[in-house]
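Welcome! Here is a short briefing to read alongside the structure, arranged by topic so that you can look up each part as you go.

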Amino acid sequence: MSTAPRRFTERYPEEGSDPIPVERYTSPDYFALERDRVFRRKWLNVGHVLQAPKPGDYFVQELKIVDTSLLIIHGKDGRYRAFHNMCSHRGAPVAWDAQGSCRGYLACRFHGWVYDTTGKLVQISDAANFPGVKAEENGLTAVHCEVWKGFIFVNLAKEPEESLLDYLGPVADEIGRFDFEGFTPAFSYRIDEAVNWKTLQEAQLEGWHLPYLHEKTLARAVKVDGNQYRHAAIELYGLHGVLGSPPPDSFTPPPTALLASRFGTGTVQAFGTKTEAEGDGYRFRGSFDFWHIFPNFFVGLLNGLFFTFNIWPQAVDRSIWEIKGYYPPVKTAGELFAREYSKVGLRDPMMEDCFTHELICAQLKSGAKSHIHFQDEEMLARHLGNGVDRCVRGLA
């Protein structure tokens, strides 16, 4: 693996090397353009089919960035659909719970209008007092929805500019080789942070900070040449990209992690061990490959598990970070112990990240600096900002 300086800048010269304007992180006007030209146009992951595994199951995804709440429902016909979670009567939410299940129909709790799982309005309560209101014209308002490898995506445009598969491009083939079968939701976190959504993501798009910020946590499980971290790979695919984290030459987990590893794969152990591809299976770049699906979705692939991040802007200086881990089903107490230890192993470095995100956001607003800088190992963070800016300027 070459670790020559500027290796990624030379491979991707179109990404440039200029300083990044701080205004992109602090300007309400720039944030408004991001909302209209990124989040109202691009495909957005809103969850996984395992959140609604049976026909009639549903969940609600709040999308404050575009001023709506979506109802994602597993239809009785097996198809997943997405709707604005809004009754046609007075605009009340149809589903009030974050997640639930119905027997084929959902009734608005405000005045009882009833919809089936295809979004069709099947009953107007006190219908005689609504002359001229036609049920066939007042179903739920649908949103474009497609499922790929169990991941549910929506597009809020009136007509998407491209299909989901065209949007994902080569990423669909690359990630698609990973075997996602047999995993179950193991844990989730939801973090409300005082930070711009790009600052939050940028910390996930480079591992160079691991030996510094995560000295006592994740840094144990990555390879560090001297005192500098070097990625095993950074690859760009259109607006998307991936980074690979190199395993250390040798890795001795802490005693508790070693005990947990006797019963199942944990996060820290998975970081420290590279898996070679078999046949047409997934080709790991490092021990841990982190895929970024533009604009705000991450899929982390490790040996024996995967996890996802969704970063949802709430305001120019506030974001929600949703984290979901997927592991093999637990069958024994030992496996449960291993999974819970793994959950904690991921939580601790995230807390270190969150603290730093908010410090950065506060300082960027000070006006003390007009620009910040990215180096070669931060290519994927630069790539995110460039992609957003191209959308804002109408170039992507």
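The largest nonpolar core has 89 residues, and W291, L301, F309 and W321 touch the most other members. A nonpolar core here is a set of buried Ala, Val, Leu, Ile, Met, Phe, Trp, Tyr and Cys residues joined through side-chain atoms within 4.5 Å; buried means under 20% relative accessible area, exposed over 50%, and partly exposed in between, with a 1.4 Å probe and protein chains only. Please keep in mind that this is a predicted model, in which local features need pLDDT of at least 70 and side-chain atom pairs count only at pLDDT 80 or more, while totals for chains, interfaces and linings use all residues. Residues are numbered from 1 along each chain as its sequence is written, and side-chain values use heavy atoms, leaving out hydrogens and water.

- Setting aside residues up to four places away in sequence, L301 touches I175, F178, F180, Y282, F284, S287, F288, D289, W291 and F306, where contact means heavy atoms within 4.5 Å.
- Another core, of 17 residues, lies apart from the largest one, and A95, C108, Y115 and I124 are among its members.

**Helix α11**
- Of the 14 residues in α11, 13 are buried, so this helix is mostly covered.
- From first C-alpha to last, α11 reaches 20 Å, close to the 20 Å expected at 1.5 Å a residue; the expected span is 1.5 Å times one less than the number of residues.
- G394 follows α11 and has a positive phi, near 75 degrees.

**The sheet of 7 strands**
- This open sheet has the order β12-β20-β19-β18-β17-β16-β15, with antiparallel pairing; two strands pair if DSSP finds at least two bridges between them.
- β12 (184-193) and β15 (233-237) stand at the edges with a single partner strand each, so one side of each has no neighbour in the sheet.
- On average, neighbouring strands of this sheet are turned by 15 degrees against each other, direction ignored.
- β12 and β20 (residues 318-327) run antiparallel and are joined by 9 bridges, with R190 standing opposite E322 in β20.
- Helix α10 (residues 333-364) lies across β12, β19 (305-315) and β20, at about 20 degrees to β12; axes are lines fitted to C-alpha atoms, for helices over the stretch in contact, and angles run from 0 to 180 degrees between N-to-C directions.

**The sheet of 3 strands**
- A further open sheet has the order β7-β8-β9, and its pairing is antiparallel.
- Its edges are β7 (105-107) and β9 (121-123), each with a single partner strand, so one side of each is left without a neighbour in the sheet.
- From one strand to the next, the twist averages 35 degrees.
- β7 is joined to β8 (residues 114-116) by 3 bridges, and A107 stands opposite V114 in β8.

**Backbone spots to look up**
- The peptide bond from F294 to P295 is cis, with omega near 5 degrees, and P295 is found in the loop between β17 (288-293) and β18 (297-302).
- D67, in the loop between β3 (57-63) and β4, has a positive phi near 55 degrees and counts as exposed at 61% relative accessibility.
- T68 is in strand β4 (residues 68-74) and is buried, with a relative accessible area of 17%.

Methods: Helices (H or I, at least four residues) and strands (E, at least two) are DSSP runs, numbered from the N terminus.
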